[in-house]
Every structure is written in C-alpha cells, then in structure tokens.
Amino acid sequence: MAKHIIRLFFLSVYLVGCGSEESSITAAVPLSQNNQTVTNAEFVWQLPSNIAPPSVPEDNPMSNEKVTLGRFLFYDKQLSANASQACADCHQQDKAFSDGQVTAIGSTGIVHPRNSQTLVNTAFNHSLTWNNSNLTSIEQQIVIPLFGSSPVEMGLSEQNKNSVLARFQESPSYISLF
C-alpha cells in the first residue's frame, strides 16, 4: 500500500495543473479543457494539437482514477507526518504551483535553502529537482519531499510512515478512491 500511495501521490504532482483545487474528498475534479485527445492505455490525454503526451513508465500507467486520487492527496494535510501541511501549501495553484517565497518552509518549520520549484508542466521536464539533474524519474523524486530529512519537507520517516499510511487506510473516502 505504501508504494501505491507514493506513486499515486506523485501523479498528483505530475498532473496537478490539469485540475482545480478541491478540499472535499467527494467533490468532482474536472480535467482540463484542451484541444487534442490522446489515448494512452486507459488514460486520455487532453493536450493542444502541437504537444505530444509525456512519456509514462510502463510499470506505472496513467489512469483517470490515479489522477483523481493524486489530486486529493496533493491537497490533503494528512500526508505530512504531523498532519499540518499539504503539498499544495508549498505548490500553490495561484502561484504557478510554487510558493511565491524566497525560501520554502517544511511541515516542521525548518526553512529550506531554496524556494519551492514550480510544478507547471513537470511531466515534460527532464530533471525534477533544483540540485540533482540526474533525478529524472518522477516515482523516485517523490521520496525526497516525503521522506527527506535535510531539509524536512513532509516529515515522513521509517518511524512514522505506518501511522501516516493508517490515516488513509482507515478513511472510507480514500478506500473507495484506491
């Protein structure tokens, strides 16, 4: 289950620009209104006609269900260890999915050395972090904000990951989304 939450969470980062902020688990989350429809297995990309769909790992195919779940996780403070911060707190939709600050602040109050990187069009980026151009897999990148300890962002660790996962395993809304 932990692997699925991490992968599905990252899909929210991957496609968060496609929808609007929703605070209710039961709210409808619309897809973007674009020009081109491209089918990739069970997912339909809605892109302008001059934009090719981004590459998607074969072992983690896109689906509408994953995108919906990822959007809810992106805006949910329960994903941080102390349940005080959502990814959307540092990647604000009205600020091009950045934070508009000189330096970001993690869920524990630790000030970061850099600001929050924008998530706009992340699916098309080769490199996914400010300081590691070799990190090109979105599935690997999500481990940094979730489990990173220097600086702490979301504050997950080996010691608390099971209690954080339990928040989602015990939620009827998330059970149905999974």
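Tyr75 is buried, at a relative accessible area of 15%. Buried here means under 20% relative accessible area; exposed means over 50%, and partly exposed lies in between, with a 1.4 Å probe and protein chains only. This is a predicted model, in which local features need pLDDT of at least 70, side-chain atom pairs count only at pLDDT 80 or more, and totals for chains, interfaces and linings use all residues. Residues are numbered from 1 along each chain as its sequence is written, and side-chain values use heavy atoms, with hydrogens and water left out.

Phe97 is buried, at 5% relative accessible area. Together, Phe74, Tyr75 and Phe97 form one aromatic cluster.

Now take the helix that holds Phe74. Helices (H or I, at least four residues) and strands (E, at least two) are DSSP runs, numbered from the N terminus. Helix H2 covers residues 64-74 and is mostly covered, with eight of its eleven residues buried. Those buried are Lys66, Val67, Leu69, Gly70, Arg71, Phe72, Leu73 and Phe74. Met62 counts as buried, at 2% relative accessibility. The C-alpha atoms of Met62 and Val44 are separated by 8.7 Å, though the two residues are 18 apart along the chain.

Step back to the whole protein. Its secondary structure comes to seven helices and two strands. From the N terminus on, the order is α-β-β-α-α-α-α-α-α. Of the 178 residues, 43% are buried. A contact means heavy atoms within 4.5 Å. Among contacts with a separation of 6 or more, 50% come from residues 24 or more positions apart. The protein exposes about 9,400 Å², and carbon and sulfur atoms supply 51% of that area. Accessible areas come from the Shrake-Rupley method with a 1.4 Å probe; for residues, only the protein chains shown count as cover.

Next, the largest pocket. On a 1 Å grid over the protein atoms alone, a pocket is an open set of points where a 1.4 Å probe fits, with protein on both sides within 12 Å along at least five of seven lines; lining residues have an atom within 4 Å of a point. The volume of the largest pocket is about 710 Å³, taken as the space filled by probe spheres set on the points, which are joined across faces, edges and corners. Its lining has 37 residues, and His91, Gln141, Ile144, Pro145 and Glu153 lie nearest the centre. Helix H1 (2-15), H3 and helix H5 (143-147) are the elements that give two or more residues to this lining. H1 gives the most, with three residues. The lining divides into 17 nonpolar, 18 polar and two charged residues. Here Ala, Val, Leu, Ile, Met, Phe, Trp, Tyr, Cys and Pro count as nonpolar, Asp, Glu, Lys and Arg as charged, and the others, Gly among them, as polar.

Last come some backbone details. Most residues other than glycine have a negative phi, and most peptide bonds are trans. Phe97, from the aromatic cluster, has a positive phi near 60 degrees. Ala83 has a positive phi as well, near 55 degrees. Ala83 sits in the loop between H2 and H3 and counts as partly exposed, at 37% relative accessibility. Ser150 and Pro151 are joined by a cis peptide bond, with omega about 0 degrees. Pro151 has its place in the loop between H5 and helix H6 (161-169).

Technical notes
Rings of Phe, Tyr and Trp (its six-membered ring) pair if their centres lie within 6.5 Å; planes under 30 degrees apart count as stacked, over 60 as edge-to-face and the rest as tilted.
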